[in-house]
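Dear colleague,

Please find below the structure that I am passing on to you. My findings follow directly after it.

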Amino acid sequence: MGSTCVVGLQWGDEAKGKIVDLLCDHHDVVVRYQGGANAGHTVVHEGVTYKLSLVPTGVLREGVEAVIGNGVVVHPPALLKEVASLTAQGVDFTGRLHVSDRAHVILPYHLAEERLTEESTSAADHLGTTRRGIGPCYKDKVGRVHGVRIADLYHTAEFRERLARIVDYKNRLLNAMLPDFEPFDDKQIADEYLGYAEQLRPYVTDATSWLHAAVAQGRKLMFEGAQGSLLDIDHGSYPYVTSSSSSAVGVAAGSGVPSRYIDRWIGVVKAYTTRVGGGPFPTEQDNPTGERIRQIGREYGTVTGRPRRCGWFDAVAVRYSTRVSGTTELAVMLLDVLSGFDELKVAVAYETDGKKVEAMPASLADFELCKPVYETVPGWSEDLTAARTWDDLPRQAREYVGFLSRQIGVPVSIVSVGPDRKQTIMVPKDR
């Protein structure tokens, strides 16, 4: 096994963290290449639950080094809190965490700007962000004038001077838009963030050069996606997306490592579909079926605790994201959640204005009109959580996995039947 990319193919929350953690046995370095503390990965090992947002999942494996790439936006207090929490659970970060000095920094005014954006929109335009300042930070990044990178924190005088100009601008903007706004104090922010910089100093490095050195040494890299491909800023269901390239196309830009160094592209999907926040969701089941999936699957956000919208598997959307991300194999997660359904439905196409559509529309207006065209397959009654091999699964469960594979056009190599590492089945290639 060479280097690998693991990416979600739906609207996030596909349990990617478990797959990354599992495959880190065969990798030396795990790389987070985009997003921020709005992502949440939960990994269970020997009864212990670990929750991660910024720190790459692979750090839970002894001997594996973790890199937060330049494409990530970092909220220093959130990162330091996460490191402290994991350290208390026995994770040793000594010499194992590397944070890109090119990563952009989330500052207090970014959180205020996100609040402004969310509260000023109508219900129809509400994006449902996590309000952690991710979008405004990316906005400053591409706007260039107000972006602050981690490297800037280590040039004290220049940082203080520049921050004063930025805060003056942000105060004037926010004061005009928020009636209860209390102006930010640039000196207070500078003191606070320079303190964070000192705490982060052992981890900060030129991560791109570090990764290229690792490649030259023949080390195997694991690139860990956050959110899901259908939330990609360019290729997702815009504008109900995240602010970064959450599909596999973001790997090179977010890490500085060309995709030609990656041999294996694993797309992770749930055996059904979920979504958080607004946006089209053709297969959503806002009914007892959806509520049953939510309760059995514990479909509540790792970061926010918000209930997720639940529905049947959407093969149309996953076919699209599979092509965009160049997926070579699939991991089907939470198959156990579907036990007890007499029949299962899979959207194999959409219908709009009496016409059959087999691709996800770019236009939000067109996407909202799409109705799913379902194929129905038999369900199963057996509990799957004790299954450890492909043959342990009931015939109907195996047939369901095979049906998903044929619809998407990519082989399934991994099936998960529970949160623990042991509840993972490697699918035989000749199945």
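Val99 stands opposite Val204 in β9. The model is a predicted one, and in it strand β7, residues 97-100, pairs with β9 in the parallel sense over two bridges. Both strands belong to an open sheet of 10 strands with mixed pairing, in the order β9-β7-β5-β2-β10-β1-β11-β15-β19-β20. β9 (204-205) and β20 (424-426) stand at the edges of this sheet; each has a single partner strand, so one side of each is left without a neighbour in the sheet.

Helix α7 covers residues 207-216, and its buried residues are Ala207, Thr208, Trp210, Leu211 and Ala214. Seen down the helix axis, these buried residues fall within an arc of 160 degrees, so they line one face of α7. In general, an α-helix has 3.6 residues a turn, so residues three or four places apart point the same way. The buried residues of α7 pack against the strands β2 (29-32), β5 (65-68), β7, β9 and β10 (221-224), and also against α8 (251-255). Gly218, which follows α7, has a positive phi near 80 degrees.

A further point concerns an annotation. An unreviewed UniProt entry lists Thr302, Val303, Thr304, Gly305, Arg306, Pro307 and Arg308 under "binding site". Arg306 lies in the loop between α9 (288-297) and β13 (309-311). Pro307 is found in the loop between α9 and β13. Leaving aside residues up to four places away in sequence, Pro307 touches Arg294, Glu299 and Tyr300.

With kind regards

Key: Residues are numbered from 1 along each chain as its sequence is written. This is a predicted model: local features need pLDDT of at least 70, side-chain atom pairs count only at pLDDT 80 or more; totals for chains, interfaces and linings use all residues. Side-chain values use heavy atoms; hydrogens and water are left out. UniProt positions are given in the numbering used here, feature names are shortened, and annotations may be inferred rather than shown by experiment. Helices (H or I, at least four residues) and strands (E, at least two) are DSSP runs, numbered from the N terminus. Contact means heavy atoms within 4.5 Å. Two strands pair if DSSP finds at least two bridges between them. Buried means under 20% relative accessible area, exposed over 50%, partly exposed in between (1.4 Å probe, protein chains only). The arc is that of the directions from the helix axis to the C-beta atoms.
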